[in-house]
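Trainee: I've got a model open and would like to learn how to read it. Could we go through it together?

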Amino acid sequence: MSSLPRIATVVGSGTMGPGIAATLARAGVTVRLYDISTEAIERAEAAYGVVQGVLAAVDSPSAPGGSVTFGTDLDASLEGSELIIEAVPERLDLKQKVLADLEARIGDEVIIATNTSGIPITTMGKSMTLPGRLIGMHWSNPPHLIPMIEVIPGEDTDPALVEKLIGIVKAFDYVPVLEKEIPGFVENRVLYAILRECMALLDEGIVTPEGLDACVKWGIGYKLSVVGPTRLLDMAGLDIYQAVSGYLNKELDASTETPKLILDKIAEGKLGFKSGAGMYEYGPGDVDAKRKEIITGLIAARKTLSSIPEV
Ligand SMILES: NC(=O)c1ccc[n+]([C@@H]2O[C@H](COP(=O)([O-])OP(=O)(O)OC[C@H]3O[C@@H](n4cnc5c(N)ncnc54)[C@H](O)[C@@H]3O)[C@@H](O)[C@H]2O)c1
Ligand SMILES: Cc1ncc(CO)c(C(=O)O)c1O
């Protein structure tokens, strides 16, 4: 029997919701995508069409029977649902309110998974009557293309739920990574360690943004997409790591605040693709073109990476 739920509800249809919903639907799940905002639901319906095309392009396994419906009626969206995935904005107060509200509307057997990027699950569960049913399920963006999900139990999470969620993730052909609870979880801790050093290098004028992107993409990203950091150490030699880390670790940026470079950009209204300028400037049509290039690149890279052995 499949470990997948028959019906699932995704709460929050912003950047992440449509891709999450589409991935589950393609595996055969009946998915209800809910948002508090009508505009968000309209955008999500348009995004879903694009995401379906991407899933077909990566030849993601397709099971019959799945579907996504869109709505702003919460009770209708929760009807019969066995798994709820919370994907509302990353604010503890909002998430706690949403979780308490969801719980008041569902049966005790329903699982709630949160897509938080790093808020501790135990803290989020403090607003709940049954925190044992809450578990972290951190998808990576874009969720329909990155086939890895961090699974994070909180202190109160029912241990049986951990195995159940791992089974669900495997059933739609994603790689589950079980982690102990820690702020930021593993993926974002590693990413933010990289980004902190990158921002310091830019701030100090050591390299241009174009140079930084080329260096990290080819020197680090390309290699790490084939061999993970642990095996990379075996490839490089632990003695080499000892020699380099001995003089380099103390030189690395250790600041604890958001870099001034970023704060200055934000003060100018430069937020990235969403505002038409960010680390780079974009002319008319450039953002759409870049988005397309990124998706095309991710599709090609995923196909290639899926066809080579795990090393
Ligand atoms: N964007 C990313 O790259 C990314 C990656 C991994 C995890 N996440 C996490 O996923 C979650 C969602 O992120 P996002 O980028 O999709 O956010 P988003 O802001 O794009 O979308 C959130 C959606 O939630 C809706 N919403 C707000 N209050 C709601 C409520 N009470 N009930 C239902 N819907 C409500 C909003 O209208 C919006 O459409 C966050 O916890 C975020 O940290 C984001
Ligand atoms: C910079 C950055 N911050 C947070 C997230 C979401 O967890 C991501 C992402 O791509 O998933 C990101 O790039």
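Trainee: How many residues of domain 1 are in contact with domain 2?

Mentor: Contact here means heavy atoms within 4.5 Å. In this predicted model, 19 residues of domain 1 touch nine residues of domain 2. The bounds, 7–183 for domain 1 and 186–306 for domain 2, come from an automatic or database domain assignment. The C-alpha centres of the two domains are 27 Å apart.

Trainee: What area is buried between domain 1 and domain 2?

Mentor: Buried area is the accessible area (1.4 Å probe) that two parts lose on being put together, summed over both. Between these domains that comes to about 1,200 Å², with 58% from carbon and sulfur atoms. On the domain 1 side, V58, L145 and I182 lose the most area to domain 2, together 32% of what that side buries.

Mentor: Some ground rules. Residues are numbered from 1 along each chain as its sequence is written, and chains are lettered from A and ligands numbered from 1 in the order in which they are written. As this is a predicted model, local features need pLDDT of at least 70 and side-chain atom pairs count only at pLDDT 80 or more, while totals for chains, interfaces and linings use all residues; side-chain values use heavy atoms, leaving out hydrogens and water.

Trainee: Which residues does UniProt list for "domain: 3-hydroxyacyl-CoA dehydrogenase NAD binding"?

Mentor: UniProt annotations may be inferred rather than shown by experiment; positions are in the numbering used here and feature names are shortened. The unreviewed UniProt entry lists residues 9–181 under that name. For "domain: 3-hydroxyacyl-CoA dehydrogenase C-terminal", the unreviewed entry lists 184–282. Helices (H or I, at least four residues) and strands (E, at least two) are DSSP runs, numbered from the N terminus. Residues 9–181 are 37% helix and 21% strand, whereas residues 184–282 are 63% helix and 0% strand.

Trainee: And what is the volume of the second largest pocket?

Mentor: On a 1 Å grid over the protein atoms alone, a pocket is an open set of points with protein on both sides within 12 Å along at least five of seven lines, and lining residues have an atom within 4 Å of a point. Points are joined across faces, edges and corners, and a volume is the space filled by probe spheres set on them. The second largest pocket has about 290 Å³. Of its 13 lining residues, V11, Y34, I36, V88 and V98 are the closest to the centre. Helix α4 (residues 92–103) gives the most to this lining, with five residues.

Technical notes
1 Å grid on protein atoms, 1.4 Å probe; cavity = no way out; pocket = protein on both sides within 12 Å on 5 of 7 lines; lining within 4 Å.
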